[in-house]
Amino acid sequence: MNSSEGQALFNIPSYWPSKSAAFGVASLYYVLGIVLLLEGIISHRHRYVHLVVLISWMLGGAFTARGVFVVQEAQSASSYIAFSVLESVAPNFISLVNFLLLINLMRGLNAGPPKRILKMLWAFSVTTSVTFGAISAAGSIILAGDSTSGQLNTGIKLVKASIAGQMTNSLLFIVFASVLMLLYRESLGRRAWVFIIYVGGLLMIARNAARTVMVFYTSNTLMRDSEAAYYCLGPLFTLIVIFTWAALNLPARCYNEAKVLRVD
């Protein structure tokens, strides 16, 4: 990489990362994914399970790659690229799960929102999650590779566009959730469901806010100078979201008994 701005945006650390921390965090993600998978099997309810397990294991794979990068003593950039792409893409799909939980909560109400509203919300959530995920991946690959100055500028723009979109998306989610729950107060009776929705939504706002500061204010080097700060201002938020899913048994709790929930 031949651009100091590109390095700052890509969060290249100024310390040598700890392989124990990387592999330890990876193990937590893998374990939580296994727990969620078992919860789905035991409860015979598979809604969301494949997606939430995939997210957890994507993040586990990201930090495994980070640990491999350290073990290989940075001899190859491929493991760091894999870490960067997976770690930036997976949170987009946490936002998608949040939207799907909200949509299906509303569809399970006796007198919920019109179907066309929920279809529009579903289309919005899928489109934004996939789009920002793709932009995150593209920007991360460019900034992690041996790119030209022009390519680095493109990568910088992609990273900025991605995090700005993610931040907007996470704020809109809380707005949509609050408006719908106030309009359809029956939903507030599903306490575990509402708790999971808001924990996920608010933690993603916190994660995206920390990422926004790092991306748009490159003079702030806290996350690059301190590994503890990096973990606390980044992976910790997504880890708490997935832990909440597992601790509250998302497959069993966030399920409508009375209806088969479909968007079509």
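Is tyrosine 231 buried or exposed? Tyrosine 231 is buried, because its relative accessible area is 12%. Buried means under 20% relative accessible area, exposed over 50%, and partly exposed in between (1.4 Å probe, protein chains only).

## About the model

This is a predicted model: local features need pLDDT of at least 70, side-chain atom pairs count only at pLDDT 80 or more, and totals for chains, interfaces and linings use all residues. Residues are numbered from 1 along each chain as its sequence is written, and side-chain values use heavy atoms, with hydrogens and water left out.

## Aromatic rings

Tyrosine 230 is also buried, at 3% relative accessibility. Tyrosine 230 and tyrosine 231 form an edge-to-face pair, 5.1 Å centre to centre, with 65 degrees between the planes. Rings of Phe, Tyr and Trp (its six-membered ring) pair if their centres lie within 6.5 Å; planes under 30 degrees apart are stacked, over 60 edge-to-face, the rest tilted.

## Helix 2

Helix 2 covers residues 19-43. Helices (H or I, at least four residues) are DSSP runs, numbered from the N terminus. Tyr29 is one of the buried residues of helix 2. What covers those buried residues includes helix 3 (49-71) and helix 9 (227-233). Here, contact means heavy atoms within 4.5 Å.

## A salt bridge

Glutamate 227 and arginine 66 meet in a salt bridge (3.7 Å, N to O). The pair links helix 9 to helix 3, 161 residues apart. A salt bridge is a side-chain nitrogen of Lys or Arg within 4 Å of a carboxyl oxygen of Asp or Glu.

Methods:
Helix = DSSP H or I, 4+ residues; strand = E, 2+ residues; numbered from the N terminus. Expected span 1.5 Å × (residues − 1).
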